[in-house]
Amino acid sequence: MKKKHLLLASKIVVFIFIASAILIRLAYKMNFENIKIQSQESKTIEGKPVFNTISWFSLKDKDVWMMNQSHHGATASDDELDRLAIVVDKTTSPNNVRFLQIKPGPLIWSEDLINQRVPYKVSCFLCHANGPRAIRPDYDGAVKNSFSEKVKIALLNLKIKTHGRLVENEQHAIEDVDLKIPFRHRSKIDNDPLLVKTCTHCHNDTGFLARGFLKRQNFLAIRFMVESGNMPPPGFSITAKEKLQIQRFTEGF
Amino acid sequence: MKKKFVSSLVFVILTAGFHARAQVGAVDNSVPAVEKFSYVCASDDENSSVVLKIKNNFGSDGKVVTGKVIVENGAVLGLNSEYTADVSFENSFYFNVTTYKLLDENKNALGDFTISKQNAVMTRGGNFCGRAGCDTFPVNPSPITTSSGLLKIYEKETSFTCQ
């Protein structure tokens, strides 16, 4: 009798797993274009909200994340927006990632956009240690997202998590030599890794959960994530000593 | 007439000479100049009055070769009143970090005092100015008036704010 129940339970688990996988697979067939949010993290220099419009395109060999970012309010004109793209090349292991700042325009991907690049306004790696970052809208802000949009954002975040560890495209190191604002700063101190034990469960270079070591130049994002309570994620906690270690690290010590 | 002219000339020369000498004397006897320190760092512990005054000593090539760390009220931390220090620098786009390795009289390292200045290029008031924000409202790399200091000595860690 007990064995029969066990068999039934395992069948249910397998069914739920397969059904979920099919549902998620189908869900990703939805249109993930032009989802507008108010950013929880970014602020303008005057402390006002930053608005992001996000699109995601999944192609055979790459995933493309595109964003129009406004530091000029929710109704900024097209030429006031920063158009950005993060291209995840799925043909390499680990996948490699390339960041593009493109002249203003719609969030429609085409390979030609590589030729429409403009200089970065800020080093991408300052906040993006491992490719696209989880989308964190301020749902209490000016943009009222529908239930359907919230579901899409959750699916996009799941997609971002499943990218796993990403490495920077080798073109970045070559191009950075001549850039006034590089993709990433290369000095030793800016690239010191954060070695706080709780953080390195995921923020390291190897293992199932690996998302790459956080580097000192990620200090602004690290500070925000810890102070806002987004990190560590549920199931993890940091000790007071580790919190002090993180503080010291982000201060340059 | 000629004699009177010569004596007047001698008088003027002597007067001017004494005046100049008096001026030199006035400079020599002035209040001693305030010693300029590279950093003055006060303990972040409000119950502590420990102050570290750092003076960089420059070599003939103009580069800092050693440091002098003068300690005020440091007995509570077991500190002497003065240390010489080996100095090292690590600079980047975001941080300027200077480390003073405190030495005892036998030139043995006792501990470190590190000062980190975070460049204000990308932030204002703790907020990241972001892409368009940086572009539209250029942030002045305003002179940084405060820096953080961290003293690690005798297995203790004490944080400071430096000017």
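I take a pocket as an open set of points on a 1 Å grid over the protein atoms alone, where a 1.4 Å probe fits, with protein on both sides within 12 Å along at least five of seven lines; lining residues have an atom within 4 Å of a point. The model is predicted, and totals for linings use all residues, whereas local features need pLDDT of at least 70. Residues are numbered from 1 along each chain as its sequence is written.

Entry 1, the pocket. I looked up the largest pocket and found about 730 Å³ of space in it, a volume being the space filled by probe spheres set on the points. I listed 35 lining residues; nearest the centre lie Lys161(A), Cys202(A), His203(A), Arg211(A) and Met231(A). Helix 2 (147–162) and helix 4 (219–227) of chain A are the elements that give two or more residues to this lining, and helix 4 of chain A has the largest share, four residues. I took helices as DSSP runs of H or I, at least four residues, and strands as E runs, at least two.

I noted that domain 1 (33–146 + 163–185) and domain 2 (187–253) of chain A both line the largest pocket, so it lies between them. The domain bounds come from an automatic or database assignment.

I read 12 residues, 240–251, spanning 17 Å from first C-alpha to last, close to the 16 Å expected at 1.5 Å a residue; the expected span is 1.5 Å times one less than the number of residues. After helix 5 of chain A comes Gly252(A), with a positive phi near 105 degrees.

Technical notes. Chains lettered and ligands numbered in written order. Predicted model: local features only at pLDDT ≥ 70, side-chain atom pairs only at ≥ 80, totals over all residues. Heavy atoms only, no water.
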